[in-house]
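Thanks for coming. I will go through one structure today, starting with the overall make-up and then moving to single residues. Please have the sequence and the 3D view open.

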Amino acid sequence: MKKWFVSLLSFCILFMTYAPMSFATTMTTHDFRHSNYDTFYENLNGNWNFIRGELFDPQDMKEEIKLGNSDIVKVPYMLNQRLNIDSDRATYSTTIKVPESFVGRYLKFYIPFQYSSYNLYVNNVLIKENGSLLKSNKTAVQQMKPQIPGFRVDQTTLQITFQMISFENVSGGLRKSISIGNEQIIVKKQQQYEFWQVFLIGCITLTACISLLFYAFRRKQKEFLAYGMFCAVTSLWGFLQTIIYIQPF
């Protein structure tokens, strides 16, 4: 009885791991039609259409979806999330629906740094190139930094498409949540994030200074030196990362 149960459990785990994802013949949709522009801020987690191994432009992606060649995945979703697949490129696409009052106004994305290079399209317009999508890993340029690209809303249904290449990074793809909102809210949230980053770096730097000061008066207690040096290195690393990642508005 025990062997039979273990065998059945093993079969179920293998089936869940290697079974194909559901194929889609329609575009996934995020419905924000009841939103107010002044307070509009949403994340785009949830179902997205996904094709591994190819970089399709938005129009071709629509055709592939109609032919049933796309899967539906839950974003955030890594390229190498399934155990038996290894691919360095993919196309993610979904649509969002917004109220009529949004037409003619501007929206922005907040895209945390992804471990991939990507092109971002809204409908058929390329609004952001982050790094390069060259096929050669040796000549490609990766740019892992947050971005806040903006665009003007021209219709109530918007197709969002990411072409992504992860190269040899094991965490490639849409690994982190993406947000969309009006310009003021997105910029404000980015500024808040940067403030807390700087505040945290300042606290670590102050801790390093205090630890090194203690060591200056208590030379025999070398743990203060070790801890102070650790904090100093961590603070310097965080400072350099902040310089790299913070974007001008």
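**Overall make-up**

The chain has four helices and 14 strands; helices (H or I, at least four residues) and strands (E, at least two) are DSSP runs, numbered from the N terminus. This is a predicted model, in which local features need pLDDT of at least 70 and side-chain atom pairs count only at pLDDT 80 or more, while totals for chains, interfaces and linings use all residues. Residues are numbered from 1 along each chain as its sequence is written, and side-chain values use heavy atoms, with hydrogens and water left out.

Of the 249 residues, 43% count as buried. Buried means under 20% relative accessible area, exposed means over 50%, and partly exposed is in between, with a 1.4 Å probe and protein chains only. The accessible surface of the chain is about 14,600 Å², and carbon and sulfur atoms hold 60% of that; the areas come from the Shrake-Rupley method with a 1.4 Å probe, and for residues only the protein chains shown count as cover.

On contacts (heavy atoms within 4.5 Å): among those with a separation of 6 or more, 79% are between residues 24 or more positions apart.

Take I178, in the loop between β13 (173-174) and β14 (179-182). Is I178 buried or exposed? At 2% relative accessibility, I178 counts as buried. Beyond its neighbours within four places in sequence, I178 has contacts that include E42, L44, F109 and F162. F109 is 69 residues away along the chain, yet the C-alpha atoms of I178 and F109 are 7.1 Å apart.

**Rings**

Rings of Phe, Tyr and Trp (its six-membered ring) pair if their centres lie within 6.5 Å; planes under 30 degrees apart count as stacked, over 60 as edge-to-face and the rest as tilted. By this rule there are 10 aromatic pairs. One of them is F50 with Y77, whose ring centres are 5.2 Å apart and whose planes are at 70°, so the pair is edge-to-face. F50 is in strand β4 (residues 46-52) and Y77 in strand β6, so this pair links distant parts of the chain, 27 residues apart. Both F50 and Y77 are buried. Elsewhere, ring pairs join F32, Y37, F40 and F102 into a cluster.

Two lysines also sit over rings. The rule is NZ of Lys or CZ of Arg within 6 Å of the ring centre and within 35 degrees of the ring normal. The charged end of K176 is over the ring of F113, 3.6 Å from its centre, and K189 lies over the face of Y41, at 4.6 Å from the ring centre.

**Charges and backbone**

How many salt bridges does the structure hold? It holds one, counting a side-chain nitrogen of Lys or Arg within 4 Å of a carboxyl oxygen of Asp or Glu. That bridge joins the side chains of D31 and R33, at 2.6 Å from N to O. D31 is partly exposed at 40% relative accessibility, and R33 is partly exposed at 46%.

Last, the backbone. Most residues other than glycine have a negative phi, and most peptide bonds are trans. The peptide bond from V75 to P76 is cis, with omega near 5°, and P76 is in the loop between β5 (70-75) and β6 (77-78). N123 has a positive phi, near 55°. N123 is in the loop between β9 (117-122) and β10 (125-130), and is buried at 13% relative accessible area.
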